[in-house]
Every structure is written in C-alpha cells, then in structure tokens.
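Thanks for coming. Let me put the structure up, and then I'll walk through it.

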Amino acid sequence: MRVVAGKHRSRPLISPKNRDVRPTTDMVKESIFNIIQSDVIGCKFLDLFAGSGAIGIEAISRGAEKVVFVDSSKESINIIKQNLQVLKEQATIIFSDYSTALSRLKNAEFDIIFLDPPYEFKEIKSVFKLILENNVLTSSGIIIYESLFDKNVNKDVQGFNIIKSKKYGITAIDIYEVE
C-alpha cells in the first residue's frame, strides 16, 4: 500500500494486519481522486471508518487543508498515527464509533467525507442522517461512499442525491451531494 500522488507520491504506508480492515486498492484510490481532484486542494476532509488512513493521507498528499481520521479500532488508530509520523504530517485522529464522532464533529462542515465502513455494515443510512443532523458536511460538500457492489441494493438516501457511481470489480463508489 502506498500514496498514489501528490507531495508524498509513492511513499509506502503501513497497513493493518487485522483482516477486518480492507484497504482501498491503489486503482480505486486513484480513480476517486481523479474524480474529485479539483475539490481536494484546500478542503476540509473527513475519513470516517478510516482503517489504515490511506484515503485521508492521500488527501493530505494532494493538498487538503485539514484532515480528520475516525476509527473505532485501536489498531487502526495506531497505524494512522505511525503513517502520519513517517510522513511528518499532522492531523486530527478520533478514536470513536461513527455516531459519537459525528456528534463531536457537530457544525464542523467538511467539504469531503469519505465513508468506507466494513462491507457487512448495515447502518449506512443512519450515518448519512447523522451527517445531516450534525451539520458535518458543507452545503456544497460531497460524500464518497465505498461499498461492496450489489446491483440489488437501493442506495437512495434521504436528503442526498447520487451524482456519480462507479464499479471496480466487487467495489462500488457512489458520490453523493446534499439535495
């Protein structure tokens, strides 16, 4: 696992040994950032369900002004800290479940929120609801949701519109904006 582009391009990242963490592949990561590249520079970026932190670190490398990492796994939090230390970067790291973290981040107004929960996670609509209720996303902000591709899943979320969807093997990427 490595940083794909930006000031830390090609730098290796530590990845969790925990099999529950599934780092976003370089191909998917590069595709996501190609789609949002003009929005990243100077943005406030939230990496929720951060895992190894690779997506948030990619945002830092590509010029995000502020990045916040959230994860409920102590191992993931330690790996994010190690990766940031190796790259000599600063960021906010929150060791918490998504619900508590979104409450703590009330009115933070991020420009980009990246969601990559475990594939078996069933509460995604409550995550979107909490983002709206706590005013965690700017009115012009976007949410990038990485999930297991399933053509039979309804991805409509109240208060949001899907503006782009892509499929990469078993991975689906959906980008949402506020209605």
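Start with Phe121. It is buried, because its relative accessible area is 19% and the cut-off for buried is under 20%. Keep in mind that this is a predicted model.

What does Phe121 pair with? Its partner is Tyr98, and the pair is edge-to-face. The ring centres are 5.6 Å apart, with 85° between the planes. Tyr98 is buried too, with a relative accessible area of 13%. Where do the two sit? Tyr98 is in helix H4, residues 98–104. Phe121 is in the loop between E4 and helix H5, which runs over 124–133. That is 23 residues apart, so the pair links distant parts of the chain.

In total the count comes to eight aromatic pairs. Phe128 lies in helix H5 and Tyr145 in strand E5, so the pair ties together parts 17 residues apart in sequence. Buried or exposed? Phe128 is buried, with a relative accessible area of 0%. Tyr145 is buried as well, at 10%. Both belong to one aromatic cluster, together with Phe160 and Tyr176.

Next, helix H3, residues 74–87. Which residues of H3 are buried? Ser76, Ile77, Ile79, Ile80, Asn83, Leu84 and Leu87. They cover an arc of only 165° around the axis, so they lie on the same side of H3. What covers them includes helix H2 (54–61), strand E2 (66–71) and strand E3 (92–95).

Now the ends of H3. Ser73 caps the N-terminal end. One of its side-chain oxygens lies 3.3 Å from the backbone nitrogen of Glu75. H3 is followed by Lys88. Lys88 lies in the loop between H3 and E3. Its phi is positive, near 55°, and it is not a glycine. Most residues other than glycine have a negative phi. Lys88 is exposed, with a relative accessible area of 72%.

Glu109 is another residue with a positive phi, about 50°, although it is not a glycine. Glu109 is in the loop between H4 and E4. At 35% relative accessibility, Glu109 counts as partly exposed.

On to the cores. Nonpolar side chains tend to be buried together in soluble globular proteins. The largest nonpolar core here has 28 residues. Which members touch the most others? Ile32, Phe33, Ile36, Phe45, Phe69, Ile112 and Ile144. The elements that give two or more residues to this core are helix H1 (26–40), H2, E2, H3, strand E4 (110–115), strand E5 (137–148) and strand E7 (171–178).

Zoom in on Ile112. Not counting residues up to four places away in sequence, what does Ile112 touch? The list is Ile36, Asp39, Val40, Cys43, Lys44, Phe45, Leu46, Ile142 and Ile144. There is also a second, separate core of 27 residues. Leu46, Val68, Ile94 and Ile124 are among them.

Take Lys66, in strand E2. At 37% relative accessibility, Lys66 counts as partly exposed. Leaving aside neighbours within four places in sequence, Lys66 is in contact with Cys43, Lys44, Phe45 and Thr92. Lys66 and Cys43 are 23 residues apart in sequence, and 6.6 Å apart in space, C-alpha to C-alpha.

Then Thr171, in strand E7. Thr171 is buried, with a relative accessible area of 10%. Which side chain makes a polar contact with that of Thr171? Tyr119, at 3.2 Å. With residues up to four places away in sequence left out, Thr171 touches Val28, Tyr119, Glu146, Ser147, Phe149 and Lys166.

That's the tour. Over to you.

Terms used: Residues numbered from 1 in each chain as written. Predicted model: local features only at pLDDT ≥ 70, side-chain atom pairs only at ≥ 80, totals over all residues. Heavy atoms only, no water. Helix = DSSP H or I, 4+ residues; strand = E, 2+ residues; numbered from the N terminus. Expected span 1.5 Å × (residues − 1). Buried < 20%, exposed > 50% of the residue type's maximum accessible area, 1.4 Å probe, protein only. Arc of directions from axis to C-beta. Contact = heavy atoms within 4.5 Å. Polar contact = N/O pair within 3.5 Å; in protein donor to acceptor, adjacent residues only side chain to side chain. Core = buried A, V, L, I, M, F, W, Y, C linked by side-chain atoms within 4.5 Å. Phe/Tyr/Trp six-rings, centres within 6.5 Å; stacked < 30°, edge-to-face > 60°.
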